[in-house]
Amino acid sequence: TNFTITSPANAVIGRYNLILQVTSGNKIFSRFLGQFVLLFNPWCPGDDVYMSNENERQEYVLNENGIIFVGNAKYIEARGWYYGQFQDHLLNICLTMLDLSLYYRQDPAIDVSRRGDPKYVGRVISSMINGNDNDNGVLLGKWQGSFHSHENPSRWDGSVVILQKWREDNYKPVQYGQCWVFAGVMCTVLRCMGIPTRLVSNFNSAHDVDRNLSIDKYYDSSGKSLNIGKDSTWDYHVWNESWFIRPDLGTSYNGWQVLDATPQEQSK
């Protein structure tokens, strides 16, 4: 006998046990058939991550290689990056990442019940890519000083070795990452889960720390610069965008959604 299982488009992603239960009279027979993994499905029109263009699905879900633009506005460098989202053990590592998060530890039942929502999963993953919350995150960031005892962020050229090292070290944060490394690893994890994801690079990147939507510089009456404000402009910054609908905000907000795993200021 053949069985067809059809999951709801908004079903919770993750590992499932498949059990066959047969009732005959007052007797019940159960048999464990195996496990399967359910992911987001950008080919399914009912899924929040549905992407109608096949070329875009090939690029933003299935492509295991990409280019990350870094440097500065006058000298933009293209770096190759291997996402490797379909390599051995990567799916298991990515699903384990959900179970290590503070969200899961604080309330496992509510956390798991929300895993059918790409908004929620994106927020959990962006938190887990960095280890700044003492949550067993994947990477520690470092922007100054010596890297001699650990990996210089500029030496990484792909996500797979970082995620495998994280697992082999019993989920201790890998040292070190910077913005393009956080973004590259997050792209791997989200594509692995079926969420279309890309990287965005921004040059002369304004960093506003007091949330007034401006970059503030202070001078005294003689025109001397005062070292008061913490706003700054970086040479560049790299983050991610993932594709899904926003029923919470309205249809005009459907499409590419910003996610940034680089740990600078805390957010919720």
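**Exercise 1. Backbone around His89**

Task: In this predicted model, find where His89 sits and state what phi His89 has.

Solution. 
- Step 1. Locate the residue. His89 belongs to the loop between β4 and α2.
- Step 2. Read the backbone angle. Phi of His89 is near 75°.

**Exercise 2. The buried face of α6**

Task: Which residues of helix α6 are buried, and how do they lie around the axis of α6?

Solution. 
- Step 1. List the residues. Helix α6 covers residues 160-168, and Val160, Ile162, Leu163 and Trp166 are buried there.
- Step 2. Look down the axis. The buried residues of α6 fall within an arc of 170°, so they line one face of the helix.
- Step 3. Recall the helix geometry. An α-helix has 3.6 residues a turn, so residues three or four places apart point the same way.
- Step 4. Find the cover. The elements that cover these buried residues include the strands β4 (75-82), β5 (139-141) and β6 (174-177). The helices α2 (90-100), α5 (118-128) and α7 (179-192) are also among them.

**Exercise 3. A cis peptide bond**

Task: Which residues does the cis peptide bond join, with Gln175 as one partner, and in which strand does Tyr176 lie?

Solution. 
- Step 1. Name the pair. The cis bond joins Gln175 and Tyr176.
- Step 2. Check omega. The angle is about 5°.
- Step 3. Tyr176 is part of strand β6.

**Exercise 4. Aromatic pairs**

Task: Count the aromatic pairs of the structure, and work through two of them.

Solution. 
- Step 1. Take the total. There are nine aromatic pairs.
- Step 2. Classify Tyr103 and Tyr120. Their ring centres are 5.7 Å apart, with 85° between the planes, and the pair is edge-to-face.
- Step 3. Tyr103 is in helix α3 (residues 102-106) and Tyr120 in helix α5, so the pair ties together parts 17 residues apart in sequence.
- Step 4. Tyr103 is partly exposed at 24% relative accessibility. Tyr120 is buried, with a relative accessible area of 8%.
- Step 5. Turn to Phe203 and Tyr236. This pair is tilted, at 6.3 Å centre to centre and 40° between the planes.
- Step 6. Phe203 lies in strand β7 (residues 197-207) and Tyr236 in strand β10 (residues 232-244), so the pair links parts 33 residues apart in sequence. Tyr236 is buried, with a relative accessible area of 17%.
- Step 7. Ring pairs connect Tyr60, Trp243 and Trp256.

**Exercise 5. The whole protein**

Task: Summarise the protein by its elements, burial and charges.

Solution. 
- Step 1. Elements: seven helices and 11 strands.
- Step 2. Burial: 40% of the 268 residues count as buried.
- Step 3. Charges: 24 positive and 28 negative side chains, with the centres of the two sets 4 Å apart.

Methods: Residues numbered from 1 in each chain as written. Predicted model: local features only at pLDDT ≥ 70, side-chain atom pairs only at ≥ 80, totals over all residues. Heavy atoms only, no water. Buried < 20%, exposed > 50% of the residue type's maximum accessible area, 1.4 Å probe, protein only. Helix = DSSP H or I, 4+ residues; strand = E, 2+ residues; numbered from the N terminus. Arc of directions from axis to C-beta. Contact = heavy atoms within 4.5 Å. Lys, Arg positive; Asp, Glu negative; His and termini not counted. Charge placed at Lys NZ, Arg CZ, Asp CG, Glu CD. Phe/Tyr/Trp six-rings, centres within 6.5 Å; stacked < 30°, edge-to-face > 60°.
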